[in-house]
Amino acid sequence: SILYKTKLPFIISFNKVDVMGHSFLTEWMEDFEKVGLALARESSYVASLARSMSLAMEEFYRNIRSVGVSAVTGQGCEDFEKAMKEAAEEFHNEYVPYLMEQRRDIEEKRKRAIEEQVKAFERNRGPGHGKRPRESGGGDGDEDAAMDD
């Protein structure tokens, strides 16, 4: 699910609550037995699947904010604002530190990989490749010493 992959705060917003209320939906989100009762008279494969998944869905919905809103009447707009503020606080307090930790881990892995590549390169160059040749022709009489290296 996107919720678990991103670890971001999540808000479910039910719209058009001026036409039809959303209380039965929030009840379903909070009580998996009510979902089972609502689907008890259904016999389709989807209803059977939903009944079997209802416990997992309760776990999924347990920590998700949900609000009902109406653009026509303005109902629920304050609740939506409050949920957004809570989600923003959660983002800054939980998600940003998580991202920073992930970033540090990636940087450490990258540095280790570079160090390993440098070590492997140095090993593969073989002996005698680690020294720089001395420049000759300096006129100080050490030309023969430079050749002995």
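Q: Starting with C77, which helix does C77 lie in?
A: C77 lies in helix α5. The model here is a predicted one.

Q: What is C77 in contact with, apart from its neighbours within four places in sequence?
A: With those neighbours left aside, C77 is in contact with V69 and S70.

Q: And how far apart are C77 and V67?
A: In sequence C77 and V67 are 10 residues apart, and in space their C-alpha atoms are 8.7 Å apart.

Q: Back up a bit. How many helices and strands does the protein chain have?
A: The protein chain has 6 helices and 2 strands. Read from the N terminus, the order is α-β-α-α-α-β-α-α.

Q: How much of the protein chain is buried?
A: Of the 149 residues in the protein chain, 15% are buried. The accessible surface of the chain is about 12,300 Å², and carbon and sulfur atoms account for 53% of that.

Q: What share of the contacts with a separation of 6 or more is between residues 24 or more positions apart?
A: That share is 59% in the protein chain.

Q: Back to α5. What span should its 49 residues have, and what is the distance between the end C-alpha atoms?
A: At 1.5 Å a residue, α5 should span 72 Å, and its end C-alpha atoms are 68 Å apart, so the two agree.

Q: Where does α5 bend?
A: At F91, by about 35°.

Q: Which residues in α5 are buried?
A: A83, A87 and Y95 are buried in α5.

Q: How many aromatic pairs are there?
A: The structure holds 2 aromatic pairs. One of them joins Y95 and Y98, with 6.2 Å centre to centre and 35° between the planes, and it is tilted.

Q: Where are Y95 and Y98 in the helix?
A: Both lie in helix α5, which covers residues 77-125, and they are 3 residues apart, about one turn of the helix. An α-helix has 3.6 residues a turn, so residues three or four places apart point the same way.

Q: Which residues form the aromatic cluster?
A: F91, Y95 and Y98 form one aromatic cluster. F91 is also where α5 bends.

Q: New topic. Which residues are in the largest nonpolar core?
A: The largest nonpolar core has 6 residues, namely I12, F14, V17, M29, F60 and I64.

Q: What does F14 contact, leaving aside its neighbours within four places in sequence?
A: F14 is in contact with H22, L25, T26, M29, S66, V67, G68 and V69.

Q: What about K16, where is that found?
A: K16 is in the loop between β1 (11-14) and α2 (23-30). K16 counts as exposed, at 54% relative accessibility.

Q: What is phi of K16 near?
A: Phi of K16 is near 60°, a positive value in a residue other than glycine. Most residues other than glycine have a negative phi.

Q: Last one, M57. Which helix is M57 found in?
A: M57 is in helix α4, residues 45-61, and counts as partly exposed at 29% relative accessibility. M57 and F32 are 25 residues apart in sequence, with 7.5 Å between their C-alpha atoms in space.

Conventions
Residues numbered from 1 in each chain as written. Predicted model: local features only at pLDDT ≥ 70, side-chain atom pairs only at ≥ 80, totals over all residues. Heavy atoms only, no water. Helix = DSSP H or I, 4+ residues; strand = E, 2+ residues; numbered from the N terminus. Buried < 20%, exposed > 50% of the residue type's maximum accessible area, 1.4 Å probe, protein only. Contact = heavy atoms within 4.5 Å. Areas by Shrake-Rupley, 256 points an atom, 1.4 Å probe, with all protein chains shown as cover. Phe/Tyr/Trp six-rings, centres within 6.5 Å; stacked < 30°, edge-to-face > 60°. Core = buried A, V, L, I, M, F, W, Y, C linked by side-chain atoms within 4.5 Å. Expected span 1.5 Å × (residues − 1). Bend = angle between axes of the 7 residues up to and from the residue.
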